[in-house]
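Have the model open beside you as you read.

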Amino acid sequence: MKSGARFIRILIVVAAIAAALFFGAAWYFSSVLMNPGPFQCTKEHFVFCGDPMEQGIPFKNVEFKSPDGLTIRGWYMPAIASTKAVIFAHGRGANRNEGMRFARPLHDAGFAVLTFDFRHCGESDSSFNSMGFHEQKDIIVAIDFLERNKGMKRIGLIGWSQGAATGILAMAGDSRIRAGVFEGGFANASDVIAEGAARDFGLPRRPLIPFVLWLYGLRCGLDTDKMNAEDVIGSIAPRPVYIIHGDADTAVYYHHGERLYAAAKDPKMMWTVKGGPHVECWQMDRERAERTVREFFVKNL
């Protein structure tokens, strides 16, 4: 009896240690999701790391409040006598500079441009990253700003990576976004998180990742089932979407772009960037990137 009781106590201790380690790992990974690592703009990836005057584009520093009280800061580049604007939505943990590769061609085409730092990024207020769930609010308030403060009548959006997924969610929920370009976006948040865990840490999807997602949702006040762009992109039609994805993308795998395009309804178009890494279509083929994005917005705004 004594040996049996001792064995049970050992099992209880082992189970408690295993549970503590499991919970600790889930807490750690949910914290990683909430707080992307430090960001540094590099010319290799973003090309332009200065303000818009680096390209000779006049601009104003602007800020606006999200519905949950965070101050969102960015740059507004007015276009003379234009009531059409394009919003730039950067990727996870990046900043407003990510879209500046496209500022000059769009501004020259007569569009005002608004690029801003999402919450918990750049110069905007600190919070946490929610993989697009709460960041949608930042896009919506940016639209409000363009309409109420700048008199914009027709608004488009271009997003990269998480900004693309967030833009799809926002566009599905707000018909004021008339056209959207989405590069390197993920179709399903749970899938991209599980793929990242496997790629970076060698972790299988189960049993840890579902618990990480549950804990992430609990800590951030979000519904992980409502963060999936592929579930809503079909509702955007008849407003047009343009999907861009590199087939050598190792951050958000190419199948996400394929899934988004398949789920979207006409009018839609897709550019598979041959050999393209994550959100670098401009670097791979600057002429095609600038021309097709410019033509898409000229046609649809």
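Two strands count as paired if DSSP finds at least two bridges between them. Helices (H or I, at least four residues) and strands (E, at least two) are DSSP runs, numbered from the N terminus. The model is predicted, so to speak of a local feature takes a pLDDT of at least 70, side-chain atom pairs count only at pLDDT 80 or more, and totals for chains, interfaces and linings use all residues. Residues are numbered from 1 along each chain as its sequence is written, and side-chain values use heavy atoms, with hydrogens and water left out.

Strand β1 (residues 60-65) is its antiparallel partner over six bridges, and N61 has W75 in β2 as its bridge partner. The hairpin of β1 and β2 has five residues between the strands, and there G69 takes a positive phi near 90°. β2 also pairs with strand β4 (residues 112-116), again in the antiparallel sense, over four bridges.

Now move on to strand β5, residues 154-160. β5 is mostly covered too, with six of its seven residues buried. Strand β3 (residues 84-89) runs parallel to β5, and six bridges join them; A85 stands opposite I155 in β5. Strand β6 (residues 177-183) pairs with β5 in the parallel sense, also over six bridges. There, G156 has A179 in β6 as its bridge partner. As a general point, the side chains of a regular strand alternate between the two faces of the sheet.

Next come two helices, α3 (residues 136-150) and α4 (residues 162-173). Their axes come within 9 Å and cross at roughly 60°; axes are lines fitted to C-alpha atoms, for helices over the stretch in contact, and angles run from 0 to 180 degrees between N-to-C directions. That angle makes α3 oblique to α4: angles under 35 degrees count as roughly parallel, over 145 as roughly antiparallel, 65 to 115 as roughly perpendicular and the rest as oblique. Which residues meet where α3 and α4 are in contact? Q136, I139 and I140 in α3 meet T166, G167, L169 and A170 in α4, with contact meaning heavy atoms within 4.5 Å. The residues of this contact divide into four nonpolar, three polar and no charged. In that count Ala, Val, Leu, Ile, Met, Phe, Trp, Tyr, Cys and Pro are nonpolar, Asp, Glu, Lys and Arg are charged, and the others, Gly among them, are polar.

Finally, look at some backbone details in the loops. H120, in the loop between β4 and α3, has a positive phi near 65° without being a glycine. At 24% relative accessibility, H120 counts as partly exposed. V279 is also not a glycine and has a positive phi of about 45°. V279 sits in the loop between β8 (268-273) and α9 (281-284), and counts as buried because its relative accessibility is 8%. The peptide bond from R206 to P207 is cis, with omega near 10°, and P207 lies between α5 (189-201) and α6 (208-220) in a loop.

Conventions
Buried means under 20% relative accessible area, exposed over 50%, partly exposed in between (1.4 Å probe, protein chains only).
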